[in-house]
Amino acid sequence: MRWQELDKEPCSLARTLSVVGDRWTLLVLRDAFLGVRRFETFQSRLGVTRHVLSDRLAKLVTHSVLEKRVYQERPRREEYRLTDRGRELHPVILHLVQWGDRHLADERGAPLFHRHHQCGHRLQAKLTCAHCGEDVEARDVDVEVNPAFAEVLP
């Protein structure tokens with residue numbers, strides 16, 4: 001499997017990684033969820049080169065994770081906003097953040113706290129079954145091959 005060909009793999013995770021699977025892209029998404037919208041702000045927060053940032057933002061726009069919106073006409077200036085497709089990545093980003101808070105934080109703990117608007121409590125995201133409402137962990141999931149992919153998957 002070649003990195004440049006992940007988008008052709010019969011694996012949803014591989015195809016997803018072809019869009020969001022590098023460190024700069026994940027950090028761009030983190031900042032987008034924190035409200036960053038402008039190129040210069042992304043660049044100053046991340047310390048990434050203009051070329052790399054431009055490439056990552058363009059890829060996210062191409063895949064409809066972000067969209068460009070004009071915020072000033074003269075001179076023309078655009079900002080980046082999360083699309084519905086991009087906002088669907090929030091649970092993924094939040095779970096990665098919580099994993100880091102749990103396993104990689106120093107003695108000070110988590111650098112940021114996430115609060116649930118409705119109840120005001122600190123958010124502890126969980127995976128639940130949409131059908132029965134039960135909490136779901138890895139050992140609770142069975143995986144089966146879609147018959148349409150039976151010839152290409154082991």
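Good morning. The largest pocket of this chain is lined by 20 residues, and those that lie nearest its centre are Leu34, His90, Leu94, Val97 and His114. Please keep in mind throughout that this is a predicted model.

Let me stay with the pocket for a moment. Its volume is about 520 Å³. Which helix supplies the largest share of the lining of the largest pocket? That is H6, with 6 residues. Helix H6 covers residues 90-103, and helix H2, residues 23-33, also supplies at least two residues of the lining. If we sort the lining by class, we find 10 nonpolar residues, 7 polar residues and 3 charged residues.

I now turn to the chain as a whole. There are 6 helices and 2 strands. The C-alpha trace spans about 55 × 45 × 30 Å along its principal axes. The chain has 154 residues, and 22% of them are buried. Consider also the contacts with a separation of 6 or more: 36% of these are accounted for by residues 24 or more positions apart.

The largest nonpolar core has 20 residues. Val28, Leu29, Phe42, Leu53, Leu57, Leu60 and Leu66 are the members with the most contacts inside this core. Several elements contribute: helix H1 (12-20), H2, helix H3 (39-46), helix H4 (50-62) and strand E2 (77-82) each supply at least two residues. Of these, H4 gives the most, with 4 residues.

Which residues is phenylalanine 42 in contact with, leaving aside its neighbours within four places in sequence? The list comprises Val28, Asp31, Ala32, Val36, Arg37, Leu53, Leu57 and Tyr80. Among them, Val28, Leu53 and Leu57 have already been named as core residues with the most contacts.

Finally, the two strands. Strand E1 comprises residues 66-72, and it pairs with E2 in the antiparallel sense over 6 bridges. Together E1 and E2 form a hairpin, with 4 residues between the strands. Which residue in E2 stands opposite arginine 69? It is glutamate 79. As a general point, side chains in a regular strand alternate between the two faces of the sheet.

Thank you for your attention.

Key
Residues are numbered from 1 along each chain as its sequence is written. This is a predicted model: local features need pLDDT of at least 70, side-chain atom pairs count only at pLDDT 80 or more; totals for chains, interfaces and linings use all residues. Side-chain values use heavy atoms; hydrogens and water are left out. On a 1 Å grid over the protein atoms alone, a cavity is a set of points where a 1.4 Å probe fits but cannot get out, and a pocket is an open set with protein on both sides within 12 Å along at least five of seven lines; lining residues have an atom within 4 Å of a point. Grid points are joined across faces, edges and corners, and a volume is the space filled by probe spheres set on the points. Ala, Val, Leu, Ile, Met, Phe, Trp, Tyr, Cys and Pro count as nonpolar, Asp, Glu, Lys and Arg as charged, and the others, Gly among them, as polar. A nonpolar core is a set of buried Ala, Val, Leu, Ile, Met, Phe, Trp, Tyr and Cys residues joined through side-chain atoms within 4.5 Å. Buried means under 20% relative accessible area, exposed over 50%, partly exposed in between (1.4 Å probe, protein chains only). Contact means heavy atoms within 4.5 Å. Two strands pair if DSSP finds at least two bridges between them.
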